[in-house]
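Subject: A structure for you to explore

Hello,

As promised, here is the structure we talked about. Have a look around first, and then read my notes below.

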Amino acid sequence: MRRLPYKSILSLLLLLPAFGIPAAPRKAMPSSQQNESWFEDVTQKAGITSRHHTRRFDNPYAEIMQGYTKLGSAAAVADYDNDGFEDIFVTDSCTTCKNHLYHNNGNLTFTDVAEKAGVANGNDENNASSGALWLDYNNDGLPDLFVVRFGHSILYQNLGNGVFRDVTKEAGLDRYMNAIKAIAFDYDNDGYVDLFIGCYFQPVNIFHPSSPRFFPESFENANNGGGVVVFHNNRNGTFTEVTAQVGIHTTGWTLDLGHGDANNDGWEDLYVANDFGTDRFYVNNGDGTFTDKTETAIGFDTKKGMNVDWGDFDNDGFLDIYVTNITDDYMREGNFLWHNNGNLTFTDISRETGTYDTGWGWAGKFFDYDNDGWLDLYVMNGWVSAGKESYVPDIFAMVTRPGVDFADARNWPPIGNKSLSGYEKKRLFHNEQGHIFKDEAARHGLDSIKDGRGIAVADFDNDGRLDLFVTNADDTPNLYHNVLPTGAHWLGFVLEGTKSNRSAIGAQVRVSANGRTYLRYVNGGNGFASQSTTRVHFGLGKATTITALEVRWPSGLKQTLSALPVDHWYKILEGHSATLMQPGGNKR
Amino acid sequence: MMKNFLSCICAMVLSISLPGGSTAASDADYQQAMRALTTNDYSSALRYLESAMTQDPDNLKYASEYRQAAIRNKDFDRSVAFFEKLAASRPQSANIHLNFGFAYVDKIPTAGSITQVILANKALNEFSRAVELDPNWINYYTRGASYLFWPKIFNRAPLGVADLEKALKIQSTGPRRSYYVKVYVSLGDGYWKTDQLDKALEIWRLGLKQFPGNQQLKFRLEHKGAELQDTIESSFDPNKRVDTDLRELWIAS
């Protein structure tokens with residue numbers, strides 16, 4: 001094991017208090033704290049008080065649509081002003097509702113600056129906000145903002161002075177889509193991130209539909225949804241739609257997209273979660289195209305895919321995938337925890353690992369909340385929590401009616417004040433060393449029964465303990481501050497590409513410690529209704545040193561770095577050595 | 001062998017409509033089918049069994065063997081279509097409706113979650129028709145057990161309990177059959193599903209007295225709480241195949 005020069009550690013430690021970074025590892029947890037909660041709900045204290053409002057439609061099918069459009073409560077995290085603290089963009093959906101840009105004040109309080117920044121107006125009679133994505137599409141080092149909408153989505157360019165400019169038209173992105181999800185990654189490794197948009201309904205005007213036949217044609221094999229639309233970044237501030245050219249052919253009811261390098265070949269692959277039918281797995285051919293490998297990789301399912309997140313939960317060096325579906329008394333679908341077999345095939349081990357049943361699932365995110373080096377999982381659930389009466393008999397009365405045309409919205413029963421998989425408790429699965437997961441949500445006060453949707457994971461106070469921002473449909477969000485007392489060590493990185501796309505989306509980092517090598521990577525927005533941090537975080541448990549550090553950049557560069565002192569956030573510029581991250585000191 | 005079979009049938013026919021009067025021709029087809037099955041020639045086996053059933057539609061044995069062959073060959077749609085046609089031509093045959101229902105049940109584990117409900121509902125319709133036409137033990141037991149698979153929200157478990165209590169009454173009047181233990185297990189599960197734990201324990205105990213050593217009953221009586229719940233709920237998992245093989249009816253003591 002290589003020893004670090006005493007001098008360099010000392011100089012780092014001397015620097016730390018000035019930047020508000022913990023100067024020394026925390027003490028080990030006393031046994032009396034072993035059953036205490038490690039998360040505090042600081043939502044009110046943080047000043048994040050605005051609730052979400054579901055869109056109410058005003059058309060002949062409004063009462064029916066009410067049951068199927070309780071969507072749009074989403075959040076995306078990025079440090080948009082490069083002050084070293086992660087900020088949060090949150091969507092609302094009602095016609096007059098404003099979106100929110102919560103600027104992180106650096107002390108776990110936030111200020112809504114959306115109006116001032118020019119990004120508040122995400123809703124009107126013809127558009128409803130449904131999601132959000134931060135992406136640096138022009139490689140200027142400033143996260144830009146893509147507001148995903150049923151209608152016309154908006155691309156805002158970050159001008160760097162706290163103000164954003166709508167560049168949708170000039171970027172070539174002005175198109176009607178019933179979009180619900182967007183992720184950005186550089187599929188052709190040309191140094192600029194491309195845009196992948198998941199669409200729920202087909203591109204019909206759902207605000208004023210000309211025909212009632214715009215609902216899913218089947219509960220298990222519907223192919224009349226919006227599917228996926230791919231925009232290639234032309235590297236000049238514009239995009240060109242290339243969906244067919246790159247080989248993405250799906251017209252499913254797409255709810256989420258997730259990218260990751262399944263076979264560690266340096267090219268990002270794509271998982272598409274579709275509601276009412278078959279998820280899709282696309283392998284990146286490395287020549288600017290994808291091949292649909294669904295059949296061999298995951299097989300054809302008939303479930304209700306809601307979420308995709310990638311992470312190496314068993315630390316075997318390959319990224320695994322977590323997908324939520326619907327699991328309730330009346331519909332026993334079960335989630336997928338796709339274990340990566342390393343050969344572009346996956347095996348669902350959700351039953352064996354205890355991650356099978358999370359109710360009516362929504363976002364599910366991998367993150368290491370106790371810094372023990374094993375990725376845990378937090379999962380949202382709950383569709384409609386309303387009156388005592390259940391909507392299930394109504395829906396099954398329709399389903400069992402002979403010859404019913406599901407695509408015709410008029411055949412779907414209005415939900416009224418009934419509940420459907422409502423009041424479900426969220427799940428926090430602690431990863432027991434890659435074998436099974438144990439639900440610890442109640443212990444940590446993370447078992448809310450709101451209708452959860454998105455989860456944005458980030459370290460909002462830069463203390464190395466990952467916090468959670470949760471969005472809830474028709475309700476207030478929750479900001480959970482991680483106060484882990486165990487003293488477990490950690491290490492974190494902000495990556496910046498030079499030859500690679502500047503936000504380093506797709507870069508993989510491998511850290512060796514504790515006799516293991518941990519793989520984490522920069523993802524460009526995976527997970528339903530949410531985008532977590534693009535920082536890369538490693539829990540290290542008892543390890544006070546790391547023995548190796550390697551970054552594989554999307555450009556193909558494999559960079560080996562000197563081992564660094566633990567318990568700090570570092571910035572790594574592609575091809576350069578790591579520097580301590582300096583909150584408040586990086587402002588442009 | 002045939003003698004044993006016939007004596008068994010003679011004993012059984014008193015309480016249930018078991019295999020109908022097989023003809024020489026239908027039996028020849030059945031034998032051909034059995035030979036085809038020994039070489040995994042499912043295509044021929046299914047064809048011969050369809051021929052046998054067309055000649056002797058009430059025969060439970062032919063129907064059961066046909067469905068088991070269809071399961072092994074994953075030919076669920078063929079099985080459903082065949083029984084649908086047979087039921088249309090012989091609408092008054094309880095045995096055909098029973099097997100038609102089972103054909104739907106056989107397909108359930110291979111289907112998506114919504115199709116499972118549709119299939120279960122269709123199966124239930126056929127089982128109800130069978131009960132209407134012939135309210136015997138197998139028809140009450142089958143429909144009763146089928147009701148228990150439905151999620152609680154549909155409130156069908158009480159209907160299942162009612163059917164299973166009728167099956168219990170029928171079986172208590174005749175000679176003891178090994179398969180009667182199924183009613184004790186299912187009826188207890190029905191009581192459990194309707195929040196009557198005391199009655200569930202009582203019927204499981206009674207069953208164990210009648211059928212000492214039965215593992216399902218023993219397990220239910222030896223476990224409680226979450227473990228018992230997991231066991232019962234997992235037995236109603238629509239993704240698991242339900243054993244719809246009826247041969248126990250004619251080979252059981």
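Here is what I found, going from whole chains down to single residues.

Please keep in mind that this is a predicted model, and that every value below is computed from it.

**Chain A**

Let me begin with chain A, which contains 7 helices and 39 strands. Its radius of gyration is 22 Å, close to the 25 Å that the globule rule gives for 588 residues, so chain A is as compact as a globular protein of that length. If you draw a box around its C-alpha atoms along the principal axes, the box comes to roughly 75 × 55 × 45 Å. Of the 588 residues in chain A, 56% count as buried. Looking at contacts in chain A between residues at least 6 apart in sequence, you will find that 62% join residues at least 24 apart.

**Chain B**

The C-alpha trace of chain B spans about 55 × 40 × 35 Å along its principal axes. Among the 253 residues of chain B, 46% count as buried. Of the contacts in chain B with a separation of 6 or more, 56% come from residues 24 or more positions apart.

On the helix 4 side of chain B, the contact is made by B:Tyr66, B:Arg67 and B:Ala70, while helix 5 of chain B brings B:Phe76, B:Arg78 and B:Ser79. Sorted by class, this contact between helix 4 and helix 5 of chain B has 3 nonpolar, 1 polar and 2 charged residues.

**The core**

The largest nonpolar core has 237 residues, and those with the most contacts inside it are A:Leu133, A:Ala182 and B:Leu49. Helix 7 of chain B gives the largest share of this core, 9 residues. What does B:Leu49 touch, leaving aside its neighbours within four places in sequence? Its contacts are B:Tyr30, B:Ala33, B:Tyr62, B:Glu65, B:Tyr66 and B:Ala69.

**A residue in helix 7**

Helix 7 of chain B (residues 113-133) is also where you will find B:Glu132. Is B:Glu132 buried or exposed? B:Glu132 counts as exposed, because it has 11 C-beta neighbours inside 10 Å. The C-alpha atoms of B:Glu132 and B:Gln92 are separated by 9.7 Å, and these two residues are 40 residues apart along the chain.

**Where the chains meet**

Finally, look at the place where the chains touch: 14 residues of chain A are in contact with 14 residues of chain B. On the chain A side, the elements giving two or more residues are strand 21 (331-332) and helix 7 (392-399) of chain A. The largest share of that side, 4 residues, comes from helix 7 of chain A. By class, the residues on the chain A side divide into 7 nonpolar, 3 polar and 4 charged.

Enjoy exploring, and do write back with any questions.

Best wishes

Notes
Residues are numbered from 1 along each chain as its sequence is written. Chains are lettered from A and ligands numbered from 1 in the order in which they are written. This is a predicted model: local features need pLDDT of at least 70, side-chain atom pairs count only at pLDDT 80 or more; totals for chains, interfaces and linings use all residues. A residue is buried if 20 or more other C-beta atoms lie within 10 Å of its own, exposed if 12 or fewer, and partly exposed in between; C-beta atoms are placed from the backbone. Two residues are in contact if their C-beta atoms, placed from the backbone, lie within 7 Å. A nonpolar core is a set of buried Ala, Val, Leu, Ile, Met, Phe, Trp, Tyr and Cys residues joined through C-beta atoms within 7 Å. Ala, Val, Leu, Ile, Met, Phe, Trp, Tyr, Cys and Pro count as nonpolar, Asp, Glu, Lys and Arg as charged, and the others, Gly among them, as polar. The radius of gyration is taken over C-alpha atoms; the globule rule is 2.2 Å times the number of residues to the power 0.38.
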